[in-house]
Amino acid sequence: MLDVAALGELLIDFTCLSTDENGYPTMAAHPGGAPANFLAALAKYGAKTAMLGKVGDDTFGHLLLETLRRAGIETRGMIAAPDVFTTLAFVTLDARGEREFAFARKPGADTCLSFPEIDLSFIDEAKIFHFGSLSLTDEPSRSATRQAVAYARAKGKLVTYDPNLRPPLWKDLSEAKEQLLWGLGQADVVKISEEEVRFLFGLEPEAGAEHICHTFPVKLVFVTCGADGCYFKNSRAAGREPALPGLRIADTTGAGDIFGGSAVWKLLQYGVSPEELGESALRDIVSFACAAAGLSATRPGGISSIPEYDEVLRALNR
């Protein structure tokens, strides 16, 4: 039995290490992709997970699949395609560690996944099905994602979703908004950033969370607010938990995904429906996820930056 199956992009994040006198970056390659980072956090803390998607049958694709295996993520649902390249993301950072993205994805292997290529048995086995918005940018992966979500809902799976807006990947932002809103209409649990709440609704985190819970079938929403922690809401409780103080931020790549995976791992431990969680349980979930995400941002990369469980507990105890 699987805890979580996720569909979406698996790619290489190239992160800037330094810049030469002409402005050209020296970059380090790290495994990434929002659903992969999300699953890696779950697997780190003991969940059984599987990834569904496509990489190229190339050096980076093989490295990524091996990384997933080492992280404890089932890869039999992944395809290594000989006719497309593994997607590459180039991440430059400002002085605060905030990211700017450029993508080699015209097309990338992840966008070429079709529905008949998805091994639905992994969704059948899982308690939770997770998806994000990057697989909605292009066909055939958009239709594949929509059909996989419909399949998971028909099978009674808990559906989790991360809008994960990346403007450079969309032909125009009105299309992005349409697809991100479609995703909110399918999900039981949502992890969304305060920037995405403003983009979609022009609202601040508290009002945005209220709007999401009343407008969509979402049972539990986490609005991540960077250094200001996270605002959470379901039908029983709402509140804000702070981020860990005093951290030296190096690279925020993957931190939101690691928050999401860590929160869903804690949700699994409670073993109840998201709408049944009270304030104490939600604060426990969010404080753990904030700590895991914060610690991950003190080191480079996504999958490679996830802290050990004991490290998270020590940080919380401090």
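Biologist: How are the helices α5 and α6 oriented towards each other?

Modeller: Two packed helices are described by the angle between their axes and the distance between the axes. In this predicted model, the axes of helix α5 (residues 173–184) and helix α6 (residues 194–201) cross at roughly 110° and come within 10 Å. Angles from 65 to 115 degrees count as roughly perpendicular, and α5 and α6 are therefore roughly perpendicular to each other.

Biologist: Which residues of α5 and α6 meet?

Modeller: From α5 come L173, A176, K177, L180, L181 and L184, and they meet F199, L200 and F201 of α6. Sorted by class, this contact of α5 with α6 has eight nonpolar, no polar and one charged residues.

Biologist: At what angle do the axes of α9 and α10 cross?

Modeller: The axes of α9 and α10 cross at roughly 110° and come within 9 Å. That angle makes α9 roughly perpendicular to α10. On the α9 side the contact is made by S287, F288, A291, A292 and L295, and on the α10 side by Y309, E311, V312, A315 and L316. By class, the contact of α9 with α10 has eight nonpolar, one polar and one charged residues.

Biologist: How many aromatic pairs does a search of the whole structure find?

Modeller: A pair of aromatic rings is described by the distance of the centres and the angle of the planes. The search of the whole structure finds 12 aromatic pairs. One of them joins F222 and F259, with 5.8 Å centre to centre and 75° between the planes, and this pair is edge-to-face. F222 belongs to strand β12 (residues 220–224) and F259 to helix α8 (residues 255–270), so the pair ties together parts that are 37 residues apart in sequence. F222 and F259 are buried.

Biologist: How are the rings of F288 and Y309 arranged?

Modeller: Their centres are 5.8 Å apart and their planes stand at 40°, so the pair of F288 and Y309 is tilted. F288 lies in helix α9 (residues 279–296) and Y309 in helix α10 (residues 309–317), so this pair ties together parts that are 21 residues apart in sequence. F288 counts as buried, at 2% relative accessibility, whereas Y309 is partly exposed, with a relative accessible area of 34%. Ring pairs also link F288 and Y309 with Y45 and W265 into a cluster.

Biologist: Where does the charged end of K266 sit?

Modeller: The charged end of K266 sits over the ring of F288, 5.4 Å from its centre. Another case is R146, which lies over the face of W182, at 4.3 Å from the ring centre.

Biologist: Is S296 buried or exposed?

Modeller: S296, which has its place in helix α9, is buried, with a relative accessible area of 0%. Leaving aside residues up to four places away in sequence, S296 touches D251, A255, I258, S305 and P307.

Biologist: How many of the residues of helix α1 are buried?

Modeller: In helix α1 (residues 34–44), 10 of the 11 residues are buried, so the helix is largely enclosed by the rest of the structure. The buried residues of α1 include A34, F38, L39 and L42. Just after α1, G46 takes a positive phi of about 110°.

Biologist: Which residue has a positive phi although it is not a glycine?

Modeller: Most residues other than glycine have a negative phi, and most peptide bonds are trans. Here N164 has a positive phi of about 45°. N164 is found in the loop between β10 (158–162) and α5, and at 7% relative accessibility N164 counts as buried.

Biologist: What distance separates the C-alpha atoms of D119 and G77?

Modeller: The two C-alpha atoms are separated by 5.8 Å, although D119 and G77 are 42 residues apart along the chain. D119 lies in the loop between β8 (99–104) and α3 (121–125). At 32% relative accessibility, D119 counts as partly exposed.

Methods: Residues are numbered from 1 along each chain as its sequence is written. This is a predicted model: local features need pLDDT of at least 70, side-chain atom pairs count only at pLDDT 80 or more; totals for chains, interfaces and linings use all residues. Side-chain values use heavy atoms; hydrogens and water are left out. Rings of Phe, Tyr and Trp (its six-membered ring) pair if their centres lie within 6.5 Å; planes under 30 degrees apart count as stacked, over 60 as edge-to-face and the rest as tilted. Helices (H or I, at least four residues) and strands (E, at least two) are DSSP runs, numbered from the N terminus. Buried means under 20% relative accessible area, exposed over 50%, partly exposed in between (1.4 Å probe, protein chains only). A charge sits over a ring if NZ of Lys or CZ of Arg is within 6 Å of the ring centre and within 35 degrees of the ring normal. Contact means heavy atoms within 4.5 Å. Axes are lines fitted to C-alpha atoms, for helices over the stretch in contact, and angles run from 0 to 180 degrees between N-to-C directions. Angles under 35 degrees count as roughly parallel, over 145 as roughly antiparallel, 65 to 115 as roughly perpendicular and the rest as oblique. Ala, Val, Leu, Ile, Met, Phe, Trp, Tyr, Cys and Pro count as nonpolar, Asp, Glu, Lys and Arg as charged, and the others, Gly among them, as polar.
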